[in-house]
Amino acid sequence: MHPLYQKADALTADITDAAAEVLRTVGMGLLESIYSNCLTRELTLRGHAVTQEKYVEYVYKGKRFGTSLRADLLVDDCVAVELKSIESALRAEHKMQLLSYLKLLNYPLGLLINFGATSSVRIHRVILKGAAT
């Protein structure tokens, strides 16, 4: 089991609740950046440490690569949160994007949150392979 899995697993309930509170407060149909700022504020008010738009780097055979990859939110240094505000269903590439962050950051799990044009938030948990066992 990943050493941060239990902490991350417990944290996802609060992140999910915070996302629902953001949607109740500001409503549907806004830009992703607005939801990012609001969710960051909500999580901070709940006592969590949140980093927005963190560049994710990686090392391959001794060479460090800077990338254009930016994780939307990192919560308490153990959960990556990828935000979307799209009307369509989440696609496989959205999950792969989050999985890439989990692998590169060595985080056990992440949440893919779509604030799109629905009356409720769509949230998908993504667990790094082997992190829960």
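Residues are numbered from 1 along each chain as its sequence is written. Since this is a prediction, local features need pLDDT of at least 70 and side-chain atom pairs count only at pLDDT 80 or more, while totals for chains, interfaces and linings use all residues, and side-chain values use heavy atoms, with hydrogens and water left out.

Let's start with α3, which covers residues 92-105. Helices here are DSSP runs of H or I with at least four residues, strands are runs of E with at least two, and both are numbered from the N terminus. From first C-alpha to last, the 14 residues of α3 reach 20 Å, close to the 20 Å expected at 1.5 Å a residue (that is, 1.5 Å times one less than the number of residues).

His94, Leu98, Leu99, Tyr101 and Leu102 are the buried residues of α3 (buried is under 20% relative accessible area, exposed over 50%, partly exposed in between, with a 1.4 Å probe and protein chains only). Looking down the axis of α3, these buried residues fall within an arc of 155 degrees, so they line one face of the helix; the arc is taken from the directions from the helix axis to the C-beta atoms. They pack against β4, β5, β6 and β7, where contact means heavy atoms within 4.5 Å. On the other side of α3, Ala92 and Lys103 are exposed.

Now for His48, in the loop between α2 and β1. His48 counts as buried because its relative accessibility is 14%. Its side chain makes a polar contact of 2.5 Å with that of Asp14 and another of 2.7 Å with that of Asp76. A polar contact is a pair of N or O atoms within 3.5 Å; within protein, one must be able to donate a hydrogen and the other to accept it, and residues adjacent in sequence count only if both atoms are side-chain atoms.
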